[in-house]
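Dear colleague,

I am handing over the structure below, together with some notes on what was found in it. Please keep it open beside you while you read.

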Amino acid sequence: MHAPAAAPAVNAPVTAAGTAPAETPRHRVVALLGAPQAPFELACAAEAFGTQRAGLPSYYEFALCTGTPGPLPTTLGVPLLVEDGLEALEHADTVVVPGWHPPGSPAPAPVLDALRTAHARGTRIVSICTGAFVLAQAGLLDGRRATTHWARTAQLAAQHPALEVDRDVLYVDHGDVATSAGSGAGIDLCLHLLRRDHGAAYAAQVARHMVLPPHREGSQLQYAAAPAPARADESLAPLLDWAQERLGERLTLDDLAARAGLSGRTLSRRFTEQLGTSPGQWLLARRIDAARALLEQTDLPVEAVAARVGLASAVNLRRRFHAALGTTPGAYRRTFGERLN
């Protein structure tokens, strides 16, 4: 995750009595909705900023707005009544764009103008999941790092080459503009903003009420679906199958080249041409995929998993796993492992 080195709190801290000072105005958060609106992304923001919790101070006001007030279609097929239009952004301290459907579809010009005006006024602009496309269309991400759902990062980069897409992180926060990865990462970003606004203790209390960890380990890469095997012509396909069946063995470039009946240089060139990677990187990726499957489906010790996928030791597996997915084998198993009898 990325956050500024230091950011001022937007409201007063919790008092000894656990309530915000009466004279302190509450921070106004406005969710800017589009049609059709995805309820989950909206709920992420509403749960963090719009829910009153017994024993916790209330620092935020939460409201909804949309370009055309009235019944708003949702992805559930049930309309949501939104009474406020874009004028609500004029009084917002934070604007949240909780997803946008279809992803990458053009946002109306008045919506983009309202976002630019709010940002110029000093309003914090936040996106959840595919809401990043709207921030990008408004030009608020030009020259900056940003993220979105892992399945949409390539689309975001292609449509908006002026920004730097980071597909590895759960969120990116520049202080005035912040983006999150896929839907659940919206909660991570919201908790981060609570932590930034009012400190770690307050964010931890809210997270406890939500029955969530206050800070999630790792990056969104651990949630990305394993890519479909790249298509290779018949000269490489048998070799890939052969190597896939022997991941637990020590395989070198010379071993692969000998099996294919090619020189090491020729084999490397064919891997680059057909798969877009080197033999070593392809083999490592397959070993990481195999380790993921074993961590999900078995209770084998990490040392045994490492041996089965050809990574020799638990230390090597942890190092390679963290470099590839941003988390540890143990943390990955706790998140994705099947409950075994």
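Predicted model: local features only at pLDDT ≥ 70, side-chain atom pairs only at ≥ 80, totals over all residues.

Glu 87 counts as partly exposed because its relative accessibility is 46%, a value that lies between the limits of 20% for buried and 50% for exposed.

Turning to the aromatic rings, a search of the whole structure finds four aromatic pairs, and two of them are described here. Phe 49 and Tyr 60 form an edge-to-face pair, with 5.0 Å from centre to centre and 70° between the planes. This pair links distant parts of the chain, since Phe 49 belongs to helix H1 (residues 39–49) and Tyr 60 to strand S2 (residues 60–66), eleven residues apart. Phe 49 is buried, because its relative accessible area is 3%, and Tyr 60 is likewise buried, with a relative accessible area of 3%.

Another aromatic pair, that of Tyr 59 and Tyr 202, is also edge-to-face, with 5.2 Å from centre to centre and 75° between the planes. Here too the pair links distant parts of the chain: Tyr 59 lies in the loop between H1 and S2, while Tyr 202 is in helix H6 (residues 200–209), 143 residues apart. Are Tyr 59 and Tyr 202 buried or exposed? Both of these tyrosines, Tyr 59 and Tyr 202, are buried.

Terms used:
Residues numbered from 1 in each chain as written. Heavy atoms only, no water. Buried < 20%, exposed > 50% of the residue type's maximum accessible area, 1.4 Å probe, protein only. Phe/Tyr/Trp six-rings, centres within 6.5 Å; stacked < 30°, edge-to-face > 60°. Helix = DSSP H or I, 4+ residues; strand = E, 2+ residues; numbered from the N terminus.
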